[in-house]
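Subject: Handover of a structure and notes on it

Dear colleague,

Please find the structure below, followed by a description of what was found in it. I would be grateful if you read the text with the model open beside you.

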Amino acid sequence: MERLSWQDYFMANAELISKRSTCDRAFVGAVLVKDNRIIATGYNGGVAATDNCSEVGHYMEDGHCIRTVHAEMNALIQCAKEGISTDGTEIYVTHFPCLNCTKALLQAGIKKITYKEAYRKHGFALELIAAKGVELVQHDIPCLTLGED
């Protein structure tokens, strides 16, 4: 079996983490990386110790489920809770970050955003990413098979 590239490895982790999502509108996973090491992960779901969409349904407002904390935000919050700097990090995420997540990532010092699906790419998010000089990469991983060759 051929060894995975770093990009494939981190995106595969984001895909796996997305399987923990509790909002079925989009199963999103995120991995924050510094110096080729995972420093935090996140998936979309309800606020800890409160109801999840999978349990009580969606709480919709203006076409968005407001019950859900996005994967990118959960990864950033994990770093904040643990006192881990996000300055100069990269994020691998299964879906292009929404505008609010993009703003939070940029404020947190993310230097590179790698995403798999071009889900609702907001024009202003793209403008902000370009203005900050943050590298933006769309990357899909090849089909992975586990087991014997």
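Which residues does UniProt list for "domain: CMP/dCMP-type deaminase"? The unreviewed entry gives residues 5-127; UniProt positions are stated here in the numbering used for this structure, feature names are shortened, and annotations may be inferred rather than shown by experiment. The end C-alpha atoms of residues 5-127 lie 29 Å apart, and this span is 35% helix and 27% strand.

Two remarks on the source are needed before the details. This is a predicted model, in which local features need pLDDT of at least 70 and side-chain atom pairs count only at pLDDT 80 or more, while totals for chains, interfaces and linings use all residues. Residues are numbered from 1 along each chain as its sequence is written, and side-chain values use heavy atoms, with hydrogens and water left out.

Overall architecture

The protein has five helices and nine strands (DSSP runs numbered from the N terminus: helices are H or I with at least four residues, strands are E with at least two). Along the sequence they follow the pattern α-β-β-β-α-β-β-β-α-β-α-β-α-β. The radius of gyration is 15 Å, close to the 15 Å that the globule rule gives for 149 residues, so the protein is as compact as a globular protein of that length. This radius is taken over C-alpha atoms, and the rule is 2.2 Å times the number of residues to the power 0.38. Of the 149 residues, 42% count as buried (buried means under 20% relative accessible area, exposed over 50%, and partly exposed in between, with a 1.4 Å probe and protein chains only).

Helix α4 and its surroundings

In helix α4 (residues 99-107), the buried residues are Cys101, Thr102, Ala104, Leu105 and Leu106. They pack against α3 (71-82), β7 (90-95), β8 (112-117) and α5 (123-132). After α4 comes Gly109, whose phi is positive, near 90 degrees.

Salt bridges

How many salt bridges does a search of the whole structure find? There are two (a salt bridge is a side-chain nitrogen of Lys or Arg within 4 Å of a carboxyl oxygen of Asp or Glu). One joins the side chains of Lys116 and Glu15 (3.1 Å, N to O). This pair links distant parts of the chain, with Lys116 in strand β8 and Glu15 in helix α1, 101 residues apart. Glu15 counts as buried, at 18% relative accessibility. Lys116 also meets Asp140 in a salt bridge (3.7 Å, N to O). Asp140 lies in the segment after β9 (135-138) and Lys116 in strand β8, so the pair ties together parts that are 24 residues apart in sequence. Asp140 is partly exposed, with a relative accessible area of 48%. Through shared partners, salt bridges join Glu15, Lys116 and Asp140 into one network.

Cys23 lies in the loop between α1 and β1 (29-34). Is this residue buried or exposed? Cys23 counts as buried, at 4% relative accessibility. Leaving aside residues up to four places away in sequence, Cys23 touches Asn44, Cys53, His58, Cys65 and Thr68 (a contact means heavy atoms within 4.5 Å).

Yours sincerely,
A colleague
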